[in-house]
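Subject: Structure handover

Hello,

Please find the structure below. My notes on it follow.

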Amino acid sequence: MSEKRRPATPWPPVETEAPRFHPEAPGPGTELAMHYAECFGCGDVDNGLHMRSTVGDGGVVYSKFPVTRAHQGAPGLAHGGLLACAFDEALGSAVGNLLRRPAVTGKLETDFLRPVPVGTTLFIAARVDGVAGRKIYASADGHLDSADGPVALRARGLFVQVGLEHFTNHGDPDALSKFTQQPRRREDWDINP
Ligand SMILES: CCCCCCCCCC(=O)SCCNC(=O)CCNC(=O)[C@H](O)C(C)(C)COP(=O)(O)OP(=O)(O)OC[C@H]1O[C@@H](n2cnc3c(N)ncnc32)[C@H](O)[C@@H]1OP(=O)(O)O
């Protein structure tokens, strides 16, 4: 298949500032641990995505999603919803680790350009594109089987900064202590929008 094109829409869709990476953000070459053991994206969960991420140069976070039979939609092909899930994880990891601003996905759009077969590994490169107040814009490309393989998917996400109480009030009162990597303590986060 040739390089796929889709209609171009402005990104970020509003005026933004360049992202300011947290002074204690992990540097290039750092392998990121799972952020929560029960996370479907990166945790130690049966039939989860088992994604692993590494910080690259220039504010890029590289993630790998090994596609198995547990992730099928059509026979032999990855389920589109799980592919979108992989991008949510990859984009969220870039936002959370590089900015250390607590944020949740507000909007996620995914362009599916090529089928992703079982047995392939999706190599996702994610970056933070801009920040407008609480709104954090990030995007990613997903390459088949190598970092420079053909692009199978592209995604764009809006993450909205929230207070840490978002996790403790709506989720688990002990949420912060259950993060398995930095940022996990209140003082590890940049909570000022
Ligand atoms: C180290 C850690 C690594 C972590 C990796 C984790 C990866 C996984 C990440 C996730 O999956 S998070 C889970 C999925 N997401 C959610 O559960 C979020 C559910 N939604 C909410 O909780 C609220 O709707 C939300 C916090 C997103 C926003 O509610 P708020 O009341 O705080 O804010 P508001 O609605 O005023 O929106 C703030 C701004 O964002 C804009 N906005 C929000 N959602 C939007 C949307 N969908 N489209 C466009 N704009 C949107 C909104 O218009 C507004 O713009 P302005 O400031 O310019 O007025």
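Of the residues in the shell around the ligand, four are nonpolar, eight polar and five charged. Here Ala, Val, Leu, Ile, Met, Phe, Trp, Tyr, Cys and Pro count as nonpolar, Asp, Glu, Lys and Arg as charged, and the others, Gly among them, as polar.

This is a predicted model, in which local features need pLDDT of at least 70 and side-chain atom pairs count only at pLDDT 80 or more, while totals for chains, interfaces and linings use all residues. Residues are numbered from 1 along each chain as its sequence is written.

Ligand shell. There are 17 residues around the ligand, and Gly92, Gly96, Val104, Gly106 and Lys107 come nearest; a residue is near a molecule or strand if its C-beta atom, placed from the backbone, lies within 6 Å of it. Helix H1 (80–99), strand S4 (103–112) and S7 each give two or more residues to this shell. H1 gives the most, with six residues. Helices (H or I, at least four residues) and strands (E, at least two) are DSSP runs, numbered from the N terminus.

Strands S1 to S3. S1 and S2 run antiparallel and are joined by two bridges, with Leu32 having Ser53 in S2 as its bridge partner. S2 is also antiparallel to strand S3 (residues 60–66), through four bridges. Two strands pair if DSSP finds at least two bridges between them. Arg52 stands opposite Lys64 in S3. In the hairpin of S2 and S3, four residues lie between the strands, and Gly58 has a positive phi near 65 degrees.

In a regular strand the side chains alternate between the two faces of the sheet. Buried means 20 or more other C-beta atoms within 10 Å of the residue's own, exposed 12 or fewer, and partly exposed in between, with C-beta atoms placed from the backbone.

Backbone points to check. Most residues other than glycine have a negative phi, and most peptide bonds are trans. The exceptions I noted are these:

- Trp11 and Pro12 are joined by a cis peptide bond, with omega about -10 degrees; Pro12 is in the segment before strand S1 (31–32).
- His50, in the loop between S1 and strand S2 (52–55), has a positive phi near 50 degrees. His50 is partly exposed, with 18 other C-beta atoms within 10 Å.
- Asp145, in the loop between strand S6 (135–144) and strand S7 (151–161), has a positive phi of about 70 degrees. Asp145 is partly exposed, with 15 other C-beta atoms within 10 Å.

Regards
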